[in-house]
Amino acid sequence: MSHEKTQKEASLGTDQIGSLLFKLALPAILAQIINVLYNMVDRMYIGHIPDIGPNALTGVGVTMPVIMAISAFAALVSMGGAPRASIMMGKGKNEEAEKIMGNCTTMLAVLAILLTVIFLAFGKPILLMFGASGNTISYAWAYMQIYSIGTIFVQLSLGLNAFINAQGYAKTGMLTVAIGAVCNIILDPIFIFGLDMGVRGAALATIISQAVSSVWVVKFLTGAKSTLRIRLKNMRPKGKYIFPSLALGAAPFIMQFTESILSVCFNTSLLRYGGDIAVGAMTILTSVMQFSMLPLQGLTQGAQPIISFNYGAENIQRVKEAFHLLLKSSMIYSSLLWAISIFVPQVFIAIFTGNAELAAYTKWAIRIYMAVSLLFGIQIACQQTFIALGNFKTSVFLALLRKVILLIPLIFILPHLIPNQVLGVFLAEPIADFLAVSVTSILFYREYHKLG
């Protein structure tokens, strides 16, 4: 092993926690912010298409559950495999870590093929079930047909990038996202407006950009600069590597996949009680929620290699120190986001629409929807630390609690208890958030004291 690689591993176990977390988290946070732009840029351009903008934006918003489902399957494999690889590196078992990564690479490719077939065959009825109306289905299906073809690129770029970050190569991980985002920002106006392709152009720009990102990731992980390398001999599927990774990845999978189900629940309920404009507002709110969660996930991505590596090395003091800093940083960010959402929501809304009616509708909705967002920092720091420690049982329960056990039932119950039914739908989010954070805090407090 090269001196550079040895130093990279040693830094996770010996560098000062504050500077190490900053070094790893800053590129990860920038990558997540760039990733938000990656996901939002299509909607930003589509929402400003003359004449059809609002309907086209709502149509593309309906595709979000499918896009989130594709990302969730990447998380199922990588967000379980990457922490396990970090723990093995902490134990000095790099060969085992490479076998985990090789098996995860195979699983990502298999899942990509299956998802592509399913969405191309059944995409249109799925979109109608997810809340598309007669006015928006043509835009939703046009976008989804092209996006589905690029599923393999999404799986590889998202899934394998987690293994780059898990080794401590945060800057390289950031570049993975940045390369794709820059391509997308450049190609979107060319395809949407220059070539007059509309929503199809937005989808084409996205999959081309994801393809460029995936090539970058594979090239790095098969090259000499990576501590762990993808090798053909390690890609033959073996249950002892796949099943533990899938078990640990179940929590982030549930967290992301249930976002897809949540979008269906929100969209169908809002379409029923508020019509297309309510669904359009929800598209903007979901985008703002992505903005709130993804930078926080960038922080946890920076902390994950530190926590997992030192947990594997049985250096519990460094594990605790990293968590404390993660928690403080997450709370500061989520509090700032809450303040913007409550006091100057137009900062977010103006990005997505110039339509006065949709903007006014969204302004009051966002203040309700994001009312408890200042607590997100506690929720994600604790929940992601459970994953970094390899505790899949508690992390799975917490992933199910907020969305499946609390939020989904509330979306359908509250409109029957409140005269303003649309208000009832939006209120489900802050109520579920508050209850979930309370339970998560109690469970983590108990687990924390067991570390020693």
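Reader: Which helix gives the largest share of the lining of the second largest cavity?

Author: In this predicted model, the largest share of that lining comes from α10, which supplies four residues. Helices α10 (239-274) and α11 (276-312) each contribute at least two residues to the lining.

Reader: And which residues line the second largest cavity?

Author: The lining is made up of Glu259, Leu262, Ser263, Phe266, Met282, Thr286, Met289, Tyr369, Arg402 and Glu429.

Reader: How do the residues of that lining divide into nonpolar, polar and charged?

Author: Five of the lining residues are nonpolar, two are polar and three are charged.

Reader: How much space lies in there, and how many cavities of 30 Å³ or more does the structure hold?

Author: The second largest cavity holds about 70 Å³ of space, and the structure has four cavities of 30 Å³ or more.

Reader: Changing topic to the nonpolar cores: how many residues are in the largest one, and which have the most contacts inside it?

Author: The largest nonpolar core has 67 residues, and Leu127, Tyr147, Leu160 and Leu221 are those with the most contacts inside it. At least two residues of this core come from each of α3 (53-62), α4 (64-90), α5 (94-129), α6 (137-149), α7 (151-166), α9 (198-221), α10 and α16 (392-413), with α4 giving the most, at 13 residues. There is also a second, separate core of 65 residues, which includes Ala25, Leu299, Leu401 and Ala428.

Reader: What about phenylalanine 191, is it buried or exposed?

Author: Phenylalanine 191, which is found in helix α8 (residues 170-194), counts as buried because its relative accessible area is 12%, and the cut-off for buried is under 20%.

Reader: Which residues is phenylalanine 191 in contact with, leaving aside its neighbours within four places in sequence?

Author: With those neighbours left aside, phenylalanine 191 is in contact with Asp196, Met197, Gly198, Gly201, Leu204, Ala205 and Ile208. As for glutamine 256, which is 65 residues from phenylalanine 191 along the chain, the C-alpha atoms of the two are separated by 29 Å.

Reader: Before I rely on any of this, what is the mean pLDDT of the chain, and which elements have the lowest and the highest?

Author: The chain has a mean pLDDT of 82, with 90% of its residues reaching 70 or more. Among the elements of the chain, helix α1 (residues 3-14) has the lowest mean, 51, whereas helix α17 (residues 421-450) has the highest, 91.

Reader: Where does pLDDT stay under 50?

Author: That applies over residues 1-10, for which the model has 16 contacts beyond four places in sequence.

Technical notes
Residues numbered from 1 in each chain as written. Predicted model: local features only at pLDDT ≥ 70, side-chain atom pairs only at ≥ 80, totals over all residues. Heavy atoms only, no water. 1 Å grid on protein atoms, 1.4 Å probe; cavity = no way out; pocket = protein on both sides within 12 Å on 5 of 7 lines; lining within 4 Å. Points joined across faces, edges and corners; volume = space filled by probe spheres on them. Nonpolar A, V, L, I, M, F, W, Y, C, P; charged D, E, K, R; others polar. pLDDT = per-residue confidence, 0-100. Contact = heavy atoms within 4.5 Å. Core = buried A, V, L, I, M, F, W, Y, C linked by side-chain atoms within 4.5 Å. Buried < 20%, exposed > 50% of the residue type's maximum accessible area, 1.4 Å probe, protein only.
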